[in-house]
Number of protein chains: 2
Amino acid sequence: MSRRTGVPVPTIKYYVREGLLPAGELTSPNQASYGDAHERRLRLIRSLLGAGGLSLARIGEVLSVVDDTSQPVHKLLGEVAGAVAPPSAVGGGEPSEKARRTVAELAERRGWSVPPGSPDGDALARTLSEAERLGHEEFAGALDAYAEAAEKVAEADLAYVGGRGTQDDVLESVVIGMVLGDAMFGSLRRIAQAEESGRIYGVGEKGAGRGRGGGGSGR
Amino acid sequence: MSRRTGVPVPTIKYYVREGLLPAGELTSPNQASYGDAHERRLRLIRSLLGAGGLSLARIGEVLSVVDDTSQPVHKLLGEVAGAVAPPSAVGGGEPSEKARRTVAELAERRGWSVPPGSPDGDALARTLSEAERLGHEEFAGALDAYAEAAEKVAEADLAYVGGRGTQDDVLESVVIGMVLGDAMFGSLRRIAQAEESGRIYGVGEKGAGRGRGGGGSGR
């Protein structure tokens, strides 16, 4: 397996000792055989370390959720997504009342259930509070467009996840989708911004006003 | 200004010495007066440190771009966005030929200009390579939905930026939009995923198989 994946033998042994990777089947006192499932798990660990930037301890937590077959899929998905999600860039502190209200109203408009105290709802409210503090509370005006885009992405994520076979496969693809999806969206957002900025400000800086007429898709 | 912003006087002095904040107007040997522009700049620095997680050195670079009025707006926008963008989570290494081709085809389909070697195009290709390495190259199937969502977000970003007054204001809002926008989208994506997952897998786990017609999407 070391040869096939390029991961050194001592590293593989270390993952086994840490409980991240099941032990292989001993074929002789110092030779173990590892199957496809092992190999995929090993690649997943390497990816969470590399692409995901997670610590080994955190990876252990994520995998223990992935491996817990007693829970309903919806719950597992949420837990895996929460474990893999990057910590919010916006620091602690209580969000303002106004920001909380804005989040509640958004949830209402979109038919989302975002109970007070839910980690993502709170993180969103803190981000809006931060915008307020910076004199940019109008940035909240972008919320609905963002939310619509987020629904589109989530739909693609779940369609991808749903196309996988076994539960193991499903949860592994949630991990992949969260980690790589964030990176993918970040790159695409910047490319799209550059395109949009070029359209508005580019070519001799002439179009600074640009219509927006017609773009009112109402939702 | 220290009283109004809650930032201690020695910290303000430190920012002035580091060239991040212009010196105030001396009203007496040990008293300086700071105007609105100072205060907004100070809040911006605090936000880049806090919400943005940037180092003081990096903040200095970003502000020097914001303050360079000799460049066309489109170029400034790109530079500021690039400086503020979080480093890609996906590590180095050369992207695969296939991933490069996928990015080129996407750009073609959407009418984007993504020249080979552009940082965001490369980052995107590296993300796709990573997905391939993990046996998840089909995740690239989500690209168009992601790209469409990214265009929607970029449009909202630029509409926000374009609504600001002075060039200073425009560039400051690019910084805010990049940093807070990433956090905002991250939260919204996870909320929308939970909603979508609930719709598909929730309520007694009945829909676990959901359409996709067998899921046999090749490979």
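Read along the sequence, chain A runs in the pattern α-α-β-β-α-α-α-α-α-α-α, which amounts to nine helices and two strands, where helices (H or I, at least four residues) and strands (E, at least two) are DSSP runs numbered from the N terminus. The model is predicted, and local features need pLDDT of at least 70, side-chain atom pairs count only at pLDDT 80 or more, while totals for chains, interfaces and linings use all residues. Residues are numbered from 1 along each chain as its sequence is written, and chains are lettered from A and ligands numbered from 1 in the order in which they are written.

**How the two chains are related**

- The same surface serves both copies, since 99% of the contact residues of chain A recur in chain B; two residues are in contact if their C-beta atoms, placed from the backbone, lie within 7 Å.

**Where the chains touch**

- The contact takes 81 residues from chain A and 84 residues from chain B.
- On the side of chain A that touches chain B, the elements giving two or more residues are helix 3 (36–50), helix 5 (73–84), helix 7 (119–133), helix 8 (143–162) and helix 9 (167–201) of chain A, and helix 9 gives the most, with 24 residues.
- The residues of that side divide into 41 nonpolar, 23 polar and 17 charged, where Ala, Val, Leu, Ile, Met, Phe, Trp, Tyr, Cys and Pro count as nonpolar, Asp, Glu, Lys and Arg as charged, and the others, Gly among them, as polar.

- Of the 219 residues in chain A, 47% are buried, a residue being buried if 20 or more other C-beta atoms lie within 10 Å of its own, with C-beta atoms placed from the backbone.
- Leaving aside neighbours within four places in sequence, A:Val80 is in contact with residues including A:Val62, A:Leu171 and A:Val175.

- Just after helix 7 of chain B, B:Gly135 takes a positive phi of about 75°.
- B:Phe139 sits in the loop between helix 7 (119–133) and helix 8 (143–162) of chain B, and B:Phe139 counts as buried because it has 25 C-beta neighbours inside 10 Å.
- Not counting residues up to four places away in sequence, B:Phe139 touches A:Tyr160, A:Ile176, A:Gly177, A:Leu180 and B:Ala131.

**The strands of chain B**

- Strand 1 (residues 25–28) and strand 2 (residues 31–33) of chain B pair in the antiparallel sense over three bridges, where pairing requires that DSSP finds at least two bridges between two strands.
- A hairpin joins these strands of chain B through two residues, and the bridge partner of B:Ser28 in strand 2 is B:Gln31.

Definitions and conventions: Buried ≥ 20, exposed ≤ 12 C-beta atoms within 10 Å, placed from the backbone.
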